Amino acid sequence: MKYAITLLPGDGIGPEVTESMVRVVDHATGGVIEWERVLAGSTAVQHGMTPLPQEALDSIRRNRIAIKGPLQTPVGGGWRSVNVSLRQELDLYACVRPVKSMPGQTRSRYEDVDLIVIRENTEGLYSGREHQVVDGVVEALKIVTESASRRINRFSFEYARNQGRKRLTIVHKASVTPLSDGLFLDCARHTARDYPFLQVDYLPLDNLAMELVQDPTRFDMLVMGNLDGDVVSDLCAGLVGGLGMVPGANIGDGHAVFEAVHGTAPDIAGQGLANPIALILSAELMLRHIGEAKAAQRVRGAVEALLREGTHVTRDLGGRAGTEELTEALLRLIDREEAA
Ligand code: NAI
């Protein structure tokens with residue numbers, strides 16, 4: 001079976017990590033994917049296009065599955081975040097980020113973190129509704145709707161059930177925003193009634209921050225709003241080896257777009273130093289999503305073996321390898337695991 005999948009190489013380190021990912025996935029699947037490459041972000045603007053060209057949207061709508069490198073958002077103007085637009089345009093309402101300790105990560109404080117962060121992806125403060133009220137006063141609107149809150153909670157409880165997870169922690173700040181976070185909480189409580197076999201607790205965001213740093217291993221699944229989820233997933237990346245390690249998926253009812261948690265890393269872009277593992281693990285999620293579980297396992301096995309051996313890892317993981325050397329090592333490991 002052949003799959004057409006949209007590939008957005010992205011900006012900064014995007015082209016480097018996406019090329020690495022493509023080589024690994026092609027090797028693990030025997031080339032069953034036809035990659036449809038489309039531009040977006042500042043790379044598209046440099047080619048005289050808009051930051052989110054219609055061609056990119058059309059390609060994702062047609063193929064239903066995409067994987068992307070990070071896209072740059074200019075600070076203080078230029079254009080609105082293409083990531084946010086993409087999630088809203090395609091209604092990719094659930095952002096799923098599995099955070100798991102990997103072998104050989106001596107720089108991480110914890111060895112057995114295994115949690116999933118689920119973030120509402122379409123509203124909250126990311127609705128982008130900001131305006132100046134009078135000189136010196138700006139208002140930013142945090143939009144929370146019952147329909148989106150019910151939808152993300154239903155998705156999360158179903159995801160927990162399908163993944164065999166036992167415990168969900170619903171994160172909020174309802175003491176300060178009782179209407180908006182209160183609505184989110186009410187929807188979670190309402191959904192929880194249909195899942196009596198799951199343990200559900202409700203934790204204020206500030207408590208979560210402290211408890212995650214003290215002992216992340218006590219958490220199983222975290223469910224929260226857009227901004228909270230953005231911050232908490234970077235925090236969680238720091239618990240398992242950094243931004244180069246954590247994959248992600250943006251899922252809607254019709255489409256799914258896979259991407260790493262990290263950004264364009266302008267400080268190392270174009271130098272062949274980027275760690276492609278987060279995107280390669282995002283591809284693993286994508287392969288599972290399309291039903292290619294064996295290929296997904298090949299990818300995962302090779303990444304784990306690479307990290308266990310520790311000889312071909314990038315600088316962010318304490319090694320000396322570049323993106324290319326790490327990629328070559330992964331291809332050899334896929335062959336080795338196959339032969340074993
Ligand atoms: P960043 O994630 O790009 O970089 C933060 C730090 O982590 C840097 O020191 C960088 O070198 C390092 N890092 C990140 N990924 C790495 C990797 N794969 N290998 C080795 N080191 C890595 O975050 P920053 O600097 O806040 O954002 C840069 C740009 O990326 C901004 O324009 C931002 O809007 C965009 N961004 C895009 C995202 C996306 O497309 N999903 C997500 C986050 C940021």
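Leucine 205 sits in helix α7, which covers residues 205–214 (helices are DSSP runs of H or I with at least four residues, strands are E runs of at least two, and both are numbered from the N terminus). With a relative accessible area of 23%, leucine 205 is partly exposed; here buried means under 20%, exposed means over 50%, and partly exposed is in between, using a 1.4 Å probe and protein chains only. Setting aside residues up to four places away in sequence, leucine 205 touches Val171, His172, Asp228 and Val232, where contact means heavy atoms within 4.5 Å. Alanine 174 is 31 residues away from leucine 205 in sequence, yet their C-alpha atoms are 9.3 Å apart in space.

A quick word on the model and its numbering. The model is predicted, so local features need pLDDT of at least 70 and side-chain atom pairs count only at pLDDT 80 or more, while totals for chains, interfaces and linings use all residues. Residues are numbered from 1 along each chain as its sequence is written, and side-chain values use heavy atoms, with hydrogens and water left out.

On to the overall layout. The protein is assigned domain 1 (1–96 + 245–340) and domain 2 (109–239), with bounds that come from an automatic or database domain assignment. The C-alpha centres of domain 1 and domain 2 lie 25 Å apart. Across the boundary, 14 residues of domain 1 are in contact with 16 residues of domain 2.

Next, the inside. In soluble globular proteins, nonpolar side chains tend to be buried together. The largest nonpolar core here has 68 residues, and Ile5, Met21, Ile33, Trp35, Ile67 and Ile277 have the most contacts inside it; such a core is a set of buried Ala, Val, Leu, Ile, Met, Phe, Trp, Tyr and Cys residues joined through side-chain atoms within 4.5 Å. This core lies between domain 1 and domain 2, because both give residues to it. There is also a second, separate core of 19 residues, and Val113, Leu115, Leu203 and Ala237 are among them. As for isoleucine 5, its contacts beyond four places in sequence include Ile33, Trp35, Ile67, Met286 and Ile290.

Now for the surface. Leu125, Leu227 and Val231 make a nonpolar patch of about 240 Å². Valine 231 belongs to helix α8, residues 226–239, and counts as exposed because its relative accessibility is 52%.

Arginine 64 is not a glycine, but has a positive phi of about 70 degrees. Arginine 64 falls in the loop between α3 (54–63) and β3 (65–68), and at 45% relative accessibility it counts as partly exposed. Leaving out neighbours within four places in sequence, arginine 64 is in contact with Gly254, His255 and Ala256. From arginine 64 to alanine 94, 30 residues apart along the chain, the C-alpha separation is 15 Å. Aspartate 91, also not a glycine, has a positive phi of about 55 degrees. Its place is the loop between α4 (82–89) and β4 (94–100), and aspartate 91 is partly exposed at a relative accessible area of 34%.

How values were computed. Patch = residues over 30% accessible without salt bridge, like charges linked within 9 Å, V, L, I, M, F, W, Y side chains within 5 Å. Areas by Shrake-Rupley, 256 points an atom, 1.4 Å probe, with all protein chains shown as cover. Salt bridge = Lys/Arg side-chain N within 4 Å of Asp/Glu carboxyl O.
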